[in-house]
Amino acid sequence: MWLCSFNAATWEAEKVMSGLLVPWGMSFVSNDQLLVTERNGDIVLVDLKTQAKTSLLHVASVAANGQGGLLDVALSPHDPTMFYFTYSKQHDSGVDTTLAMANWDGKTVTAWRDVLITVSNSTTTRHFGSRIAFDATHLYFTIGDRGMRPNGQDRRTHAGSVLRLNLDGTTPDDNPFAGNPNAQAQIWSYGHRNPQGLYYDAPSQTLWEIEHGPRGGDEINLIRKGANYGWATTSYGKEYWGPVSVGDSEEADGIDSPRKVYIPSIAPSGLLLYRGERYPQLNGKLLTGALKLTHINVITLDDNQSAIEKTRLLESLNERIRDIRRSPDDWIYFSTDSGNIYRLKP
């Protein structure tokens with residue numbers, strides 16, 4: 001297979017917005033405007049031409065503690081008057097990753113409501129997930145194990161899973177565990193640690209996920225219906241307290257193995273499978289942001305959808321890259337924890 005190699009040093013980042021408060025998720029509503037979630041609980045409209053932000057909604061019940069807060073946002077690809085968002089919701093029984101939806105007329109947000117308050121709370125403030133993706137008829141979103149390793153293999157909780165819903169928030173009858181009294185019906189796959197990237201690629205009809213491992217062992221997974229991805233029975237990572245393997249083994253029968261493993265960890269967040277014309281060298285490749293190692297990681301896939309090559313872009317930028325998106329006019333943008341949005345320029 002011919003590989004399109006390129007010089008990583010020739011790529012640049014053009015700052016197009018600053019002054020945001022940890023812009024966790026982004027979703028374009030036009031070529032120049034996008035919805036952005038700020039982790040403290042505000043959804044804002046960002047205009048890239050004027051570099052202005054307009055407050056649209058404050059979610060008062062957000063628990064912006066630890067790794068929690070207002071998380072992803074996604075305009076519905078099927079109805080541009082509707083968008084979805086995820087957040088860590090504070091309520092009487094604890095803090096749960098929650099999916100909500102709202103009406104959107106291009107200027108104002110109305111009638112926002114919770115769609116699914118998951119069963120996922122724990123005693124920690126870690127590993128909430130959470131990214132949103134769509135196929136032709138369904139919505140998917142991710143939840144981390146909430147810092148409790150057994151959750152990855154316990155289908156009685158939503159924690160440590162990729163969930164699948166109908167667009168109206170109901171549960172599809174053909175979900176793999178629908179009707180199972182010992183499992184949450186919304187679970188599509190399980191055995192995940194802290195998935196902060198999710199992308200559905202329509203041309204190949206594949207759902208890709210990327211998640212944080214412990215010390216080493218970040219994973220890129222090709223998500224299948226009902227599959228178990230191993231955490232914490234299997235892992236390529238080590239314990240934080242010493243060079244001791246996590247889990248029983250790196251791989252095992254009955255568990256889907258990752259398509260790529262990162263050792264050491266890059267701390268991935270956001271995921272995009274680029275298909276476009278503006279960046280021909282990136283076409284068909286996966287891109288993810290790195291929080292810990294502060295770069296964009298570009299992954300080349302072979303015909304069997306396995307990772308065969310990786311390249312780092314923008315290492316000298318020294319920014320924790322949180323989310324990465326393609327605009328309607330085919331530019332790649334990414335947000336950083338320092339409050340900036342950049343456009344990728346070859």
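Below are questions and answers on pockets and backbone geometry in a predicted model.

The model is predicted, so that local features need pLDDT of at least 70 and side-chain atom pairs pLDDT 80 or more, while totals for chains, interfaces and linings use all residues. Residues are numbered from 1 along each chain as its sequence is written, and side-chain values use heavy atoms, without hydrogens and water.

Reader: What volume does the largest pocket have?
Author: A pocket is an open set of points on a 1 Å grid over the protein atoms alone where a 1.4 Å probe fits, with protein on both sides within 12 Å along at least five of seven lines. Its volume is the space filled by probe spheres set on the points, which are joined across faces, edges and corners. For the largest pocket this comes to about 820 Å³.

Reader: Which residues lie nearest the centre of the largest pocket?
Author: Lining residues have an atom within 4 Å of a point, and the largest pocket has 34 of them. Those nearest its centre are Pro 77, Phe 134, Tyr 199, Tyr 200 and Arg 325.

Reader: What is the omega of the cis peptide bond between Ile 263 and Pro 264?
Author: Most peptide bonds are trans. The bond joining Ile 263 and Pro 264 is cis, and its omega is about 5°.

Reader: Is Asn 318, with its positive phi, buried or exposed?
Author: Phi of Asn 318 is near 60°. Buried means under 20% relative accessible area, exposed over 50%, and partly exposed in between, with a 1.4 Å probe and protein chains only. Because its relative accessible area is 60%, Asn 318 counts as exposed.
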